[in-house]
Amino acid sequence: MKSARTMLGLLLLAATLAAAPARAGDSPEPAPPAPPCDVPGYLLSSESSLPKVTDVVKANQPLNVLVVGSRSSTIPGNEASAYPATMQAALKEAFPAANIDVSVELQGKSTAEETAGTLVKLVEAKKPTLVIWQTGTVDAMRAVDPDDFRTAINDGVVALRGAGADVVLVNLQYSPRTETMISAPPYLDNIKVVAQQHDVPLFDRFSIMKQWSDAGYFDLFSTAHGVDLAKKVHACLGRALAKFVIDAAHLGPVQQN
Amino acid sequence: MSSIADPIAGSPVADAKTEANAEVKAKAPAITLPVTGERELRLDLFRGLALWLIFIDHLPTNLLTWLTIRNYGFSDATEIFIFISGYTAAFVYGRAMLEGGFVIATARILRRVWQIYVAHVFLFTIFLAEISYVATSFENPLYSEEMGIMDFLKQPDVTIVQALLLRFRPVNMDVLPLYIVLMLFLPLILGLMKWKPDVTLGLSVLLYALTWQFDLYLSAYPNGFWAFNPFAWQLLFVFGAWCALGGARRMSRILSSNITMWICIVYLVAAFFVTLTWYVPQLGHIMPKVIEQWMYPINKTDLDVLRFAHFLALAALTVRFLPRDWPGLKSRWLRPLILCGQHSLEIFCLGVFLAFAGHFVLAEVSGGAALHALISVCGILIMCGMAWIISWYKHSADKGASKKGAVGNADLAGGGA
């Protein structure tokens with residue numbers, strides 16, 4: 001019995017070792033010497049497009065971006081370091097001549113369904129070219145029925161398009177500490193489904209942050225109370241989101257290095 | 001414990017044993033049960049495997065996660081678990097019902113339900129301790145929103161009562177409540193099966209269809225729904241029971257046909273390629289949009305047909321290529337797996353606890369992939385060790401007591417969820 005268990009241990013160890021190269025083979029990126037924000041290309045490119053953004057930027061008209069999201073779209077007390085602001089900075093860097101305005105509409109405790117109902121009014125009031133809709137966290141925490149969630153996102157996207165705006169969807173944060181409490185997968189899947197159905201670019205915040213955590217760029221398990229980590233992560237998210245928008249609007253890579 | 005691996009499950013050779021079952025058959029023409037004392041080691045083996053996989057899937061993604069079946073197809077260990085649980089439960093309590101009558105069987109089932117319920121409450125206590133710790137020690141502003149999930153700690157009275165009512169169920173603790181509900185209905189299922197097994201299965205399929213049509217679900221606390229919808233998942237459980245009570249034997253011709261085999265293989269390969277596109281997003285563009293739109297999302301809550309079919313295909317191939325008298329089943333290499341499968345309720349609970357503990361260690365010690373994998377391996381070794389100790393207790397320490405219990409042995413009855 002005892003030796004059987006020892007052998008089992010060896011067997012599992014061998015399996016682990018065998019699995020390691022297999023996993024490395026999954027991501028064929030040559031992995032250039034990476035700055036901490038590095039994100040694999042496939043996470044920053046989208047088959048979907050943002051025609052209105054493309055037109056506006058090419059015509060040198062002002063680009064109005066509206067970020068609609070919950071509390072994970074900001075850093076309490078440090079709004080200027082949150083990803084909408086860092087994205088704006090990165091966009092300005094990419095198009096120095098353009099007039100880029102980013103406004104943020106936080107709906108801290110609203111589910112996708114509740115937010116979806118407000119979208120048309122928001123678009124009518126602010127006339128954005130692009131709406132970046134971050135959603136899913138509240139729904140996951142409240143364990144909203146994923147089907148209802150999907151319907152809500154669907155309605156929201158249709159409403160936004162109908163009101164004349166381009167849409168980018170942003171999904172949940174990767175939050176390893178609360179993994180045993182919040183079940184993210186059904187919500188991630190359903191956002192993806194809607195994005196595919198309507199050809200909406202989906203900024204996969206979850207996978208990107210997970211990538212950073214796995215690569216060791218950020219210790220997302222950290223219990224640190226300071227805002228340092230949050231600022232760094234948001235700085236990277238903003239830059240990645242700007243790249244993503246530029247790519248989806250087919251405006252790169254002339255301006256991008 | 002008898003280690004004679006005689007037929008329970010349907011397989012081509014099942015007919016050879018018909019004679020042995022004649023006696024039981026005579027009593028209850030509608031359903032058939034194998035002779036007393038038989039133990040189907042394949043069931044233990046795969047239930048043990050399911051326990052290991054569920055444990056690994058409950059830990060944060062790590063190297064070992066790539067060994068679990070959910071990465072290679074639609075279904076995962078939960079399907080295996082619920083099916084085998086239905087199978088073994090029907091096998092044991094079905095016999096109790098034939099021999100002792102409806103009331104005796106129901107009484108035994110209820111005792112088992114109580115055991116599972118107590119196990120669930122025990123796990124909930126540990127969970128509560130874990131998250132209370134996280135709530136007090138973790139204040140990362142990056143996750144100020146996600147930490148809102150701890151709000152229920154402000155109302156411990158309500159939360160605890162809701163947990164006792166099975167309405168408040170943390171992530172990863174959904175399986176036991178599902179199992180409790182399914183077991184509660186087992187007397188009804190067995191009663192119907194005794195009357196007409198095929199009608200029972202038909203009713204189960206009907207309920208499944210109605211669930212999809214009318215979106216039936218059980219609500220949870222503070223809001224939301226049961227992550228495993230019992231109205232849908234009962235299909236696997238009842239199907240397991242139906243197979244145990246003679247259905248598998250009647251299906252043996254279908255199972256041994258080459259056409260079935262090729263359909264299964266083609267489906268599994270197709271499912272594998274679809275899954276591949278999830279993990280290698282660069283391949284995503286190969287998938288035709290039409291198929292994507294038709295297929296996604298693959299709904300785990302309501303046991304998507306694609307998942308059910310995937311499980312059926314896996315099961316059919318397993319029954320075909322792994323005969324019940326395969327000598328490997330008695331080898332010492334598979335012994336740890338089989339032992340885990342034989343004490344499934346205990347090992348399942350231990351697995352959930354170890355997953356919590358693993359999360360905790362990973363959160364406290366910032367370790368790399370190696371530590372992740374090490375934790376998984378340690379967890380599995382602990383599960384095996386515990387299974388070995390439990391079986392030692394049953395067969396050595398409690399020898400006198402266990403002699404009589406062989407028939408109604410709760411573990412044989414597919415404990416654990």
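In which strand of chain A does A:Asp101 lie? A:Asp101 is placed in strand S2 (residues 100-106) of chain A. Helices (H or I, at least four residues) and strands (E, at least two) are DSSP runs, numbered from the N terminus. The model is predicted, so local features need pLDDT of at least 70 and side-chain atom pairs count only at pLDDT 80 or more, while totals for chains, interfaces and linings use all residues. Residues are numbered from 1 along each chain as its sequence is written, chains are lettered from A and ligands numbered from 1 in the order in which they are written, and side-chain values use heavy atoms, with hydrogens and water left out.

A:Asp101 has a relative accessibility of 38% and counts as partly exposed. Here buried means under 20% relative accessible area, exposed over 50%, and partly exposed in between (1.4 Å probe, protein chains only). Contact means heavy atoms within 4.5 Å. With neighbours within four places in sequence left aside, A:Asp101 is in contact with A:Leu63, A:Asn64, A:Val65 and A:Gln88. A:Gln88 is 13 residues from A:Asp101 along the chain, and the two C-alpha atoms are separated by 7.4 Å.

Two residues of chain A stand out in their backbone angles. Most residues other than glycine have a negative phi, and most peptide bonds are trans. A:Asn60 is not a glycine, yet has a positive phi of about 60°. A:Asn60 sits in the loop between helix H3 (51-58) and strand S1 (63-69) of chain A. Its relative accessibility is 63%, which counts as exposed. A:Lys127, also not a glycine, has a positive phi of about 45°. This residue is found in the loop between helix H6 (119-126) and strand S3 (130-134) of chain A. A:Lys127 is exposed, at 57% relative accessibility.

The peptide bond from B:Tyr296 to B:Pro297 is cis, with omega near -5°. B:Pro297 belongs to the loop between helix H12 (289-295) and H13 of chain B.

Salt bridges were then examined. A salt bridge is a side-chain nitrogen of Lys or Arg within 4 Å of a carboxyl oxygen of Asp or Glu. Over all chains, the count is ten. One of them joins A:Asp147 and A:Arg150, with the closest N and O atoms 3.2 Å apart. The two residues are three apart in helix H8 (residues 146-162) of chain A, so about one helical turn separates them. A:Asp147 is partly exposed, at a relative accessible area of 22%. A:Arg150 is partly exposed, with a value of 22%.

In chain B, a salt bridge forms between the side chains of B:Asp76 and B:Arg307 (3.2 Å, N to O). This pair links distant parts of the chain, 231 residues apart. B:Asp76 lies in the loop between helix H2 (41-58) and helix H3 (77-100), and B:Arg307 in helix H13 (residues 305-321). B:Asp76 is buried, at 6% relative accessibility. B:Arg307 is buried, with a relative accessible area of 6%. A network of salt bridges links B:Asp76, B:Glu79, B:Lys300 and B:Arg307.

B:Asp198 and B:Arg250 form another salt bridge, their closest N and O atoms 3.1 Å apart. B:Asp198 is in helix H8 (residues 197-214) of chain B and B:Arg250 in helix H9 (residues 230-250) of chain B, so the pair ties together parts 52 residues apart in sequence. B:Asp198 is partly exposed at 42%. B:Arg250 is partly exposed at 46%.

Helix packing was examined in chain B. Helix H5 (residues 156-164) has B:Thr159, B:Gln162 and B:Ala163 as its buried residues. These fall within an arc of 100° seen down the axis of H5(B), so they line one face of the helix. The arc is that of the directions from the helix axis to the C-beta atoms. The buried residues of H5(B) pack against helix H4 (102-137) of chain B.

Helix H7 (residues 186-195) of chain B packs with H8(B) at an angle of about 135°, their axes 5 Å apart. H7(B) is therefore oblique to H8(B). Axes are lines fitted to C-alpha atoms, for helices over the stretch in contact, and angles run from 0 to 180 degrees between N-to-C directions. Angles under 35 degrees count as roughly parallel, over 145 as roughly antiparallel, 65 to 115 as roughly perpendicular and the rest as oblique. From H7(B), B:Ile189, B:Leu192, B:Met193 and B:Trp195 meet B:Pro197, B:Val199, B:Thr200 and B:Leu203 of H8(B).
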